[in-house]
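Subject: Structure for you to look through

Hello,

Here is the structure I said I would pass on. Please open it first, then read the notes below alongside it.

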Amino acid sequence: MEIAQALEVIWAARWALLAGLGNTILISVLSILMGTALGLVVGLILTYGNPVLRFVVRLYSDFLRGTPVFVLILACFYILSVVDIQLSAYEAGIFALTLFCSSHVGEIVLGALKAIPKGQTEAAKSVGLTFFGTFFSVLLPQALRMILPTWVTTATEIVKASTLLSVIGVVELLLGVQQVIARTFLSLELYFFAGFVFFLLNFAIEKAGRFVERKVAIPS
Amino acid sequence: MSVPVLEITNLHKRFGDVEVLKGIDLTMQRGDVVSLIGSSGSGKTTLLRCVNLLEDYEEGIVAVAGEQIGYRQQNGRRVRLREREIARQRAMTGMTFQHFNLFPHMSAIRNVMLGLVRTRKMPKDEAYATAETWLDRVGMKDRKDHFPGQLSGGQQQRVAIARAIAMNPELMLFDEVTSALDPELVSEVLAVVKGLAADGMTMLLVTHEMQFAHDVSDRVVFMQDGRIGEEGPPDTLFHNPKSERLAAFLKSSKF
């Protein structure tokens, strides 16, 4: 009976929960896309930048990776308003997750570019390719394949971290569920439900990642 | 006499405090095949890599077809050329590497096409036809759609040779083309190189295959301690070495 009752409650609250899920997906997608774009730049500077630029970006990356995401979210929401940058909870949350994502992607990109043997660059140079030609035709296609599995893991980390935005009042899936619990007191069932939905989301991401990995795999 | 294909004058190269090339002079005319031999650390590979500026050099001049590679003189000072200019100059020479360095994410034919399309600005269908011709020449046409990971070492090296030579370079540089190959794969690659030599290709080779150097070269250069120790036609150099160092080297190479 308990399960039937829980399902009934979930069904009754379906629109609110779907709105929460929608927010979770939107926040995650935006953070991952912007974080990846920024992360590519971070990775390129860490690999090819001049020493001063590299030092600055290294500090940026180390600082962000050494800070809990939760602290980062609170900082973006509360501290930025002190210096007169007014962001909504939604914007501040996405901003924090983007920064967090960029530092991780930056390190992954750095690692991948460093892992490509020097002979690849030399062979590209020997057929007259410039730096850009070498990068886009030879290094990037190989680096992206190496990055993919770790990048997928980072993406699932962002989806999980998006739940922390509930603390600053963003109604994503977790806060949506908590609001239903506040009305119904079915905490066990509904938290289980939330966990299951997050699992499904990340499972889908992992599967999609594997699919792309197989599609772009180099025949050998 | 026409402009030499390669003219190296008083070339010096340092790695930090260590001087690895201590004043090299070498001239090659069109169609010359020159082999560089010598023990490890004698500077053979570094010399080869200075010719297409995979290594910068500190002093002296390397000129391909009369054009100084990598630098120009301005008010008595040497100034490094811009990246784009250097890229253009690198395409004047073709190079193959000890470890082939094929692009693993591209099929054999796309490996050969890359330089033709990106550097020579050849239309794709023309590049495809050119690449196919050269793959055929090295006996790899039937494997043109294979990826490097699906080819043996010898096959990969043959594709690498096609990739370099399809660019129609003034000069081919071969850096120990067979030293990473299993013994049974050496001959197929050497046969390709010999064929190119017979066609009149100008070639500078670094090799540990003494018999091959003897058979294919017009001239052999023995390097020791960053200098040219001895230089001459293969018969003279291999059968009547002047220095004890060369005699000892040939003996240790079981020639």
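**A residue in a loop**

A:T163 sits in the loop that runs between α7 and α8 (173-184) of chain A. Helices here (H or I, at least four residues) and strands (E, at least two) are DSSP runs, numbered from the N terminus. Before going further: this is a predicted model, in which local features need pLDDT of at least 70 and side-chain atom pairs count only at pLDDT 80 or more, while totals for chains, interfaces and linings use all residues. Residues are numbered from 1 along each chain as its sequence is written, chains are lettered from A and ligands numbered from 1 in the order in which they are written, and side-chain values use heavy atoms, with hydrogens and water left out.

Is A:T163 buried or exposed? A:T163 counts as buried because its relative accessibility is 18%; buried means under 20% relative accessible area, exposed over 50%, and partly exposed in between (1.4 Å probe, protein chains only). Apart from its neighbours within four places in sequence, A:T163 is in contact with A:E172, A:L174 and A:F198, where contact means heavy atoms within 4.5 Å.

**Chain A as a whole**

Chain A has nine helices and zero strands, so its pattern along the sequence is written α-α-α-α-α-α-α-α-α. Its C-alpha atoms fill a box of roughly 70 × 50 × 25 Å, taken along the principal axes. Chain A has 220 residues, and 45% of them count as buried. Among the contacts in chain A with a separation of 6 or more, 75% come from residues 24 or more positions apart. The accessible surface of chain A is about 11500 Å², with 73% of it belonging to carbon and sulfur atoms; such areas come from the Shrake-Rupley method with a 1.4 Å probe, and for residues only the protein chains shown count as cover.

**Helices that pack**

Two packed helices are described by the angle between their axes and the distance between the axes. In chain A, the axes of helix α7 (residues 131-161) and helix α9 (residues 187-216) come within 10 Å and cross at roughly 170°. Axes are lines fitted to C-alpha atoms, for helices over the stretch in contact, and angles run from 0 to 180 degrees between N-to-C directions. α7(A) and α9(A) are therefore roughly antiparallel to each other (under 35 degrees counts as roughly parallel, over 145 as roughly antiparallel, 65 to 115 as roughly perpendicular and the rest as oblique). Residues making this contact include A:R145, A:L148 and A:V152 of α7(A), and A:F198, A:L201 and A:I205 of α9(A).

Helix α3 (residues 108-118) of chain B is largely enclosed by the rest of the structure, because eight of its eleven residues are buried. Among them are B:I109, B:V112, B:M113 and B:L116. What do the buried residues of α3(B) pack against? They pack against α7 of chain A, together with α4 (124-137) and α5 (153-165) of chain B.

**Salt bridges**

A salt bridge is a side-chain nitrogen of Lys or Arg within 4 Å of a carboxyl oxygen of Asp or Glu. By this rule there are 22 salt bridges over all chains.

- A:D62 forms a salt bridge with A:R58, with the closest N and O atoms 3.0 Å apart. Both lie in helix α3 (residues 51-66) of chain A, four residues apart, about one turn of the helix.
- A:D62 also meets A:R65 in a salt bridge (2.8 Å, N to O). These two lie in helix α3 of chain A as well, three residues apart.
- A:D62 counts as partly exposed at 35% relative accessibility, as does A:R58 at 26%.
- The side chains of B:K194 and B:D215 meet in a salt bridge (3.8 Å, N to O). This pair links distant parts of the chain, with B:K194 in helix α6 (residues 183-198) and B:D215 in helix α7 (residues 210-216) of chain B, 21 residues apart.
- A:K118, A:E122, B:K13, B:R49 and B:E55 are linked in a network of salt bridges.

**A nonpolar patch**

A:I25, A:L26, A:V29, A:L30, A:L33 and A:M34 form a nonpolar patch on the surface, with about 500 Å² of accessible area together. Patches are made of residues with over 30% relative accessible area and no salt bridge; like charges are joined within 9 Å, and nonpolar side chains (Val, Leu, Ile, Met, Phe, Trp, Tyr) within 5 Å. A:V29 lies in helix α2 (residues 14-48) of chain A and counts as partly exposed, at 41% relative accessibility.

Regards
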